[in-house]
Amino acid sequence: MSKESEDFSTEIVQSSVENSFSVKVRPRLPDFLSSVNLKYVKLGYGYLINHRLYLLLVPLLFSALFAHIGKFTLEDLYNKYELTEALFILGLMCLMLYLLVHSTPRSTYVLDFACFRPPNQYKVSKAEFIELARKSGNFSDAALEFQARVLKKSGIGNETYMPKGIFRPSYLTSLNDGREEVSMVIFGAIKDLLAATKVKAKDIKILVVNCGILNTTPSISSMIVNHFKLRHDIQTFNLGGMGCAAGIIAIDLAKDLLDAYPNSYALVVSTESVSYSWYTGNDTDMLIPNCFFRMGAAAIMLSNFRFDRWRAKYELKQLVRTHKGVDNRSFKSIHQREDSEGKKGLSISKDIIEIGGHALKANITTLGPLMLPVSEQLHFFTNLLFKKNKTKPHIPDYKLAFEHVCILATSKKVLDEIQKNLELTEEYMEASRKTLERFGNTSSSSIWYELAYLEFNSRINKGDRICQIAFGSGFKCNSVVWKSLRNVKRPNKSPWIEDE
């Protein structure tokens, strides 16, 4: 067994043994400082070459061409060429300018985004959670005790939001409850987004929705088309079963679609249904999601109109996706199953922290060459080439690549381990910790609540780079990097603006 596999959390081992729960050990994240997989470094530089080769060669060619053309004047055209020849030369120059502009890859911009905050009637404190769960009669005393202990150490506060109907006696998941919850959160987020961007519903050409557990017929994307009366030729996509990492996958898909449809708006909606993923049994590995998942949704408006750069908030710089599904242990680490009584729920493996750590390690190793300063990359390669066998390789300082980091608000322990291994300061972790405390784990939309927190506190300045990192079943780790195009002022509407 590797050293990483043996590095367990003593506190959780003891607690599990004392209470005889089935989840007995919690491996820590792998030590990022102990090794570097060159496969992922090579992959990162492959991305770098593919993205930058065009940007390096094309400007050089056109610069040389225009330097030569620049020697000509209108007087030269008049004196040296016939009218037809002069018009031909002018037309050729206009054609070349057109080709330059339209062959340059279009940027993808975030015009704005919105996160939904449910009404106060859905607030549930940790004590109320346990009391409602006890009154429901769905859980044994051991299961209630387990959930209370998990909540105590979760990092979740007392003002998160849950559909209280799930605490009904003998509750069974139903499509009606799932649709009702999802309709409230996504329609609310989209309504706020359309008001903020002033984009008309009929002008949206692309719609991408992700929701892991709830997949209805008609789809959630069709529900949105029907509710907001979107155009009849809209390109709609509905992503399901991809977990908390699906929000970044939706961004990636929307970007590819925008590349195929120039001068378009793309609406991305990320959510999860708590009522449809709620588990009413007593298996401890399936009770963990009950303790962390909360209501929420985010809507993001993307654009590839060139002139939208002047009103957009962010520009997409890099997006890296890592999938560890080829490994059976990773593949089975988060999966939906039925317990011995036939009750459905999400099962979380005891190895989830270690598995997530390996996926994160692979992802950021690939992302590093795309974002780190050249000096830091040279330091890394110099150390790698000339280091002694017994010395640890130099691990790049990822704080030099980003001004802000939004890590999926999974749990306090996961955030602690990531902070330790990436050597991040409390300032970098603040948005993730505050989001976990205030809203809980809202799944794929969590990283947008974190960005909303940074905006609310006026942390985003022009030129800042924001890295969003999310994990999900499969097992997947995805990251996306945005660059701020302006100083972002505190928005008038935000989930972080408390009711007076």
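**Exercise 1.** In this predicted model, work out in which sense strands β8 and β13 pair, and over how many bridges.

*Solution.* Start by finding the two strands: β8 covers residues 314-323, and β13 covers residues 476-484. Next, recall that strands in a sheet pair through backbone hydrogen bonds, in a parallel or an antiparallel way. Here β8 and β13 go for the antiparallel sense, with nine bridges. To check one spot, look at L319: its opposite number in β13 is V480.

**Exercise 2.** Now zoom out: find the strand order of the open sheet of nine strands, and say which strands are at the edges.

*Solution.* Walk across the sheet and you get β5-β4-β6-β7-β1-β8-β13-β12-β11, with mixed pairing. On average, neighbouring strands here are turned by 20° against each other, ignoring direction.

**Exercise 3.** Find which strands helix α10 lies across.

*Solution.* Pick out α10 at residues 246-260.

**Exercise 4.** Decide whether C467 is in a disulfide, and whether it is buried or exposed.

*Solution.* First, the bond: a disulfide needs two cysteine sulfur atoms within 2.5 Å. A search of the whole structure turns up zero disulfides. For C467, the nearest cysteine sulfur belongs to C406 and is 8.4 Å away, so no disulfide there. Second, the surface: buried means under 20% relative accessible area. C467 has 1%, so it's buried. C291, at 0% relative accessibility, counts as buried too.

Conventions. Residues are numbered from 1 along each chain as its sequence is written. This is a predicted model: local features need pLDDT of at least 70, side-chain atom pairs count only at pLDDT 80 or more; totals for chains, interfaces and linings use all residues. Side-chain values use heavy atoms; hydrogens and water are left out. Buried means under 20% relative accessible area, exposed over 50%, partly exposed in between (1.4 Å probe, protein chains only). Two strands pair if DSSP finds at least two bridges between them. Helices (H or I, at least four residues) and strands (E, at least two) are DSSP runs, numbered from the N terminus. Axes are lines fitted to C-alpha atoms, for helices over the stretch in contact, and angles run from 0 to 180 degrees between N-to-C directions. Contact means heavy atoms within 4.5 Å.
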